[in-house]
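Student: I have a model open and want to learn how to read its insides. Can you take me through it, feature by feature?

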Protein chains: 2
Amino acid sequence: MVRNKLAAGLKKIYPAGRILTGTLEKKMYSYDSSFYARFRDFIPDAVVLPRSTAEVSATMKLASEHGIPVVPRGAGSGETCGCLAVRGGIVLDFSSWDDVEEVDPENMQVFARPGVVHYQLNEHLADFGLFFPPDPGSTRMCTIGGMVANNSSGLRAVKYGTTEQYVLGLEVVLPDGRIIETGGVNCRALKNVSGLNLTKLFVGSEGILGVITMVRLRVWPRPKARGLAMAVFTDLEAAPAAVLDVYQSGILPSGIEILDSSAIHAVNLYNPAINLPEAEAILIFEVDGNPAGVTWEGEKIVEITKKRASRVEWSTEPGRMAELWRGRSVVAVAAARLRPDGSRIFAGEDISVPLSKVTEALRRIKELGRQHEITVVNYGHIGDGNIHTAPVINLDNPEEVARANALVDAIHRLAIELGGSTTGEHGVGAVRNQYAADEHGRAADIMKQIKETLDPENIMNPGKLLPPGEAGKSV
Amino acid sequence: MVRNKLAAGLKKIYPAGRILTGTLEKKMYSYDSSFYARFRDFIPDAVVLPRSTAEVSATMKLASEHGIPVVPRGAGSGETCGCLAVRGGIVLDFSSWDDVEEVDPENMQVFARPGVVHYQLNEHLADFGLFFPPDPGSTRMCTIGGMVANNSSGLRAVKYGTTEQYVLGLEVVLPDGRIIETGGVNCRALKNVSGLNLTKLFVGSEGILGVITMVRLRVWPRPKARGLAMAVFTDLEAAPAAVLDVYQSGILPSGIEILDSSAIHAVNLYNPAINLPEAEAILIFEVDGNPAGVTWEGEKIVEITKKRASRVEWSTEPGRMAELWRGRSVVAVAAARLRPDGSRIFAGEDISVPLSKVTEALRRIKELGRQHEITVVNYGHIGDGNIHTAPVINLDNPEEVARANALVDAIHRLAIELGGSTTGEHGVGAVRNQYAADEHGRAADIMKQIKETLDPENIMNPGKLLPPGEAGKSV
């Protein structure tokens with residue numbers, strides 16, 4: 001009955017080609033890039049492809065009238081089931097609404113619709129000597145709407161921060177269909193402290209408060225130069241200590257990445273030609289800025305890290321930089337090849353810990369791997385304590401899957417125990433909300449209150465981000 | 001009756017020396033640094049000086065029980081009556097709760113109580129080679145609690161952003177006395193995307209949602225070098241064009257300040273020894289970073305701005321930098337001396353406009369000054385479009401005060417017309433909330449909904465930030 005009304009209502013809003021209701025079509029929307037989606041069957045009732053704010057608003061009015069869940073979706077590159085219809089309903093697939101509406105170089109900003117893919121946005125900006133600094137690994141897939149909804153970042157967050165830092169304003173359709181502009185109506189100022197900061201409340205809200213239909217981003221002048229240093233360590237502790245030495249010298253690199261022994265081993269097995277030095281850890285520092293400054297910082301990084309590293313190399317030569325980066329660039333793929341029947345799973349994959357706890361975290365994750373008899377490969381953004389853990393398992397072996405789930409739970413709990421978070425980058429979605437009460441304590445109640453105020457019927461991406469159940473009828 | 005209960009209740013929470021109820025004592029709390037406070041008489045019922053979260057929580061419980069307004073106050077350096085008891089009630093004076101609880105250099109963060117003064121915080125951090133980049137003009141007065149509540153910034157925001165960018169977490173006492181930690185309970189991670197971003201919702205909320213009792217800030221390595229360039233322009237348009245040229249060359253200065261002809265004139269009258277070149281505009285670029293990079297950027301800035309400027313000078317020599325900076329540093333004081341009976345008023349003093357509208361804004365503010373027969377001096381953070389306008393009037397002349405109010409209203413409306421905001425730095429308080437509906441449209445309704453959810457009795461700093469009246473009983 002509701003389903004019939006839904007179909008009829010959607011037909012009034014969208015042309016036939018932009019409503020998908022076939023069984024196979026809908027099945028395609030039951031996946032994101034996570035481990036978890038494989039084992040569940042989150043089939044939406046309908047999928048629509050909006051291309052205007054009016055369409056989104058009409059959809060929300062229809063949905064709120066009938067109490068139907070609505071789930072916004074970008075590229076489906078997420079790792080937390082965040083864009084899956086865990087309670088059925090309508091998926092809004094924004095991948096075809098991918099207009100860069102305007103680059104405004106004079107005002108250092110850009111206006112983009114939610115479906116614009118990250119690297120395409122930066123290609124547009126490059127024509128103006130500008131760039132949007134956050135740099136997720138999924139740049140060729142992920143959409144700007146998804147990046148804003150998840151407050152995405154990547155390897156440059158250490159210097160450039162996360163997506164939120166660049167969002168000046170949003171157009172948002174609320175659960176009841178109302179349309180608001182955050183950050184000021186028609187505002188193009190770079191600074192604005194008028195009013196409550198709704199922009200930043202919506203950034204990272206994972207679609208539970210409303211639907212993002214336009215993003216206004218501050219962008220920056222593209223740096224002219226770049227350099228890479230690789231430092232090799234025979235002691236694991238020496239790596240985070242070297243990171244701190246570099247910070248204390250007054251240098252803020254644009255990226256500081258780590259491969260631990262598990263990752264080095266995986267890379268060398270995957271492609272012996274890369275031939276990374278066998279060691280406890282390899283650090284890669286990226287520095288950007290003006291040519292003279294980059295050279296100065298590179299030389300300084302070599303001088304500083306030499307004190308703890310067994311070997312350091314620095315280059316600003318593009319070919320050599322690509323070689324130095326090669327190990328880091330293949331590690332995610334390499335992990336999957338550690339065993340012939342293995343898959344690298346995205347689960348427990350982006351915990352964040354205090355810098356002072358990185359060594360302990362890496363050691364204990366290895367130990368947890370041994371306890372659960374699962375190979376884990378560790379790498380990540382050590383400069384901000386964000387560790388990518390890659391468990392490698394046989395997905396067809398239910399007993400191994402069960403062990404992986406136990407391992408991942410232990411990794412998440414370890415992050416909280418060490419004063420960190422279950423997620424530094426990929427968000428909560430439907431897979432980490434079980435930890436939300438532990439992570440946030442009573443603040444989680446306030447999150448629920450805000451959700452209930454903006455979405456009293458709980459139709460906006462229900463079952464995500466907030467702790468499940470107990471408090472509040474609708475969350 | 002309520003007042004008696006209030007006095008009795010406060011005595012149970014605070015020792016005698018930290019409750020102020022004398023008429024003169026309370027009168028001292030009827031001022032901030034704004035023009036507006038002079039003409040109103042916002043006397044609180046009581047002032048208390050909390051020094052623990054438990055005291056604040058007990059105060060909020062007492063206040064909510066009796067429906068008494070509570071107004072947090074830092075140094076009173078604000079310009080918007082934001083810390084004044086516009087509806088009476090209790091002022092929480094945090095100036096004596098000024099402990100830097102911990103500098104954690106390994107994790108690049110600091111924990112501070114709300115009353116810590118900005119420059120004192122940076123003095124603590126300097127011992128560790130760290131700094132908190134936002135740099136308000138009121139550094140020797142303003143408190144970190146006030147900076148967070150107002151999302152303060154200053155002349156370095158162009159490169160380093162505003163306070164919000166550095167706030168990793170807060171301890172907040174809610175209107176009903178509940179205590180929450182935002183950004184994760186016991187979290188010391190630099191990256192955390194778990195949960196709704198309550199931290200950023202409270203930053204800039206001007207005390208209307210809760211009381212900030214602890215601030216956890218990310219801090220950065222202190223740059224090793226600094227340089228200043230001064231460029232003189234005979235055409236006003238050439239100044240913002242030169243700013244854009246610099247950005248387009250890939251340089252992001254740590255500050256870009258403008259003095260227009262009115263400010264140059266004021267400075268030279270105030271102190272002829274400073275002897276600024278008479279011109280339509282002077283730009284001062286500050287660059288920071290490593291020594292080699294600073295020199296490179298300085299030379300580049302000279303090369304670029306020379307094309308439009310009549311004169312450019314660059315220095316990294318501390319004595320000469322102080323001289324180049326001298327005009328900018330005295331302009332606020334110099335404005336007040338333009339006439340013997342004059343005072344520079346802080347009203348309409350921090351509008352923010354798109355970079356592309358800076359020239360038009362400066363011209364039209366001058367024209368508005370002529371129309372209203374009031375001298376105005378313009379300077380400010382041109383790098384992010386944030387203009388400081390200083391009207392100079394005789395405060396004892398009611399007719400002039402009335403004209404100043406009309407001028408300031410026109411300046412605020414001009415900012416909105418140009419796609420900017422009535423406030424880039426100092427906030428809304430009780431003086432710009434009349435523009436909130438125009439600035440935010442329907443988004444203002446959502447701000448009200450959030451306020452009503454967290455503070456249903458409207459006791460938290462009432463009469464501030466939100467549009468007055470019409471919607472919602474309590475706001």
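Student: How do the residues of the lining of the second largest cavity divide into nonpolar, polar and charged?

Tutor: Remember that this model is predicted. The lining has 17 nonpolar residues, 11 polar and seven charged. The cavity itself has a volume of about 620 Å³. Of its 35 lining residues, those closest to the centre are Lys159(A), Asp288(A), Lys159(B), Asp288(B) and Gly289(B).

Student: Which elements give two or more residues to that lining?

Tutor: From chain A, helix H6 (157-160), strand E11 (220-221), strand E14 (281-289) and helix H10 (291-305). From chain B, helix H6 (157-160), strand E11 (220-221), strand E14 (281-289) and helix H10 (291-305).

Student: How many cavities of 30 Å³ or more does the structure hold?

Tutor: Four.

Student: Now the core. Which residues have the most contacts inside the largest nonpolar core?

Tutor: Start with the general idea. In soluble globular proteins, nonpolar side chains tend to be buried together. Here the largest nonpolar core has 203 residues, and Leu121(A) and Leu121(B) have the most contacts inside it. Helix H13 (residues 398-417) of chain A gives the most to this core, eight residues. Beyond its neighbours within four places in sequence, Leu121(A) touches residues including Val100(A), Phe132(A), Ile144(A) and Leu217(A).

Student: What area is buried between chain B and chain A?

Tutor: Interface size is often given as the accessible area lost when the parts come together. Here that is about 7,400 Å², with 61% from carbon and sulfur atoms. In chain B, Lys191(B), Val193(B) and Leu196(B) lose the most area to chain A, together 12% of what that side buries. The contact takes 92 residues from chain A and 92 residues from chain B.

Conventions: Residues are numbered from 1 along each chain as its sequence is written. Chains are lettered from A and ligands numbered from 1 in the order in which they are written. This is a predicted model: local features need pLDDT of at least 70, side-chain atom pairs count only at pLDDT 80 or more; totals for chains, interfaces and linings use all residues. Side-chain values use heavy atoms; hydrogens and water are left out. On a 1 Å grid over the protein atoms alone, a cavity is a set of points where a 1.4 Å probe fits but cannot get out, and a pocket is an open set with protein on both sides within 12 Å along at least five of seven lines; lining residues have an atom within 4 Å of a point. Grid points are joined across faces, edges and corners, and a volume is the space filled by probe spheres set on the points. Helices (H or I, at least four residues) and strands (E, at least two) are DSSP runs, numbered from the N terminus. Ala, Val, Leu, Ile, Met, Phe, Trp, Tyr, Cys and Pro count as nonpolar, Asp, Glu, Lys and Arg as charged, and the others, Gly among them, as polar. A nonpolar core is a set of buried Ala, Val, Leu, Ile, Met, Phe, Trp, Tyr and Cys residues joined through side-chain atoms within 4.5 Å. Buried means under 20% relative accessible area, exposed over 50%, partly exposed in between (1.4 Å probe, protein chains only). Contact means heavy atoms within 4.5 Å. Buried area is the accessible area (1.4 Å probe) that two parts lose on being put together, summed over both.
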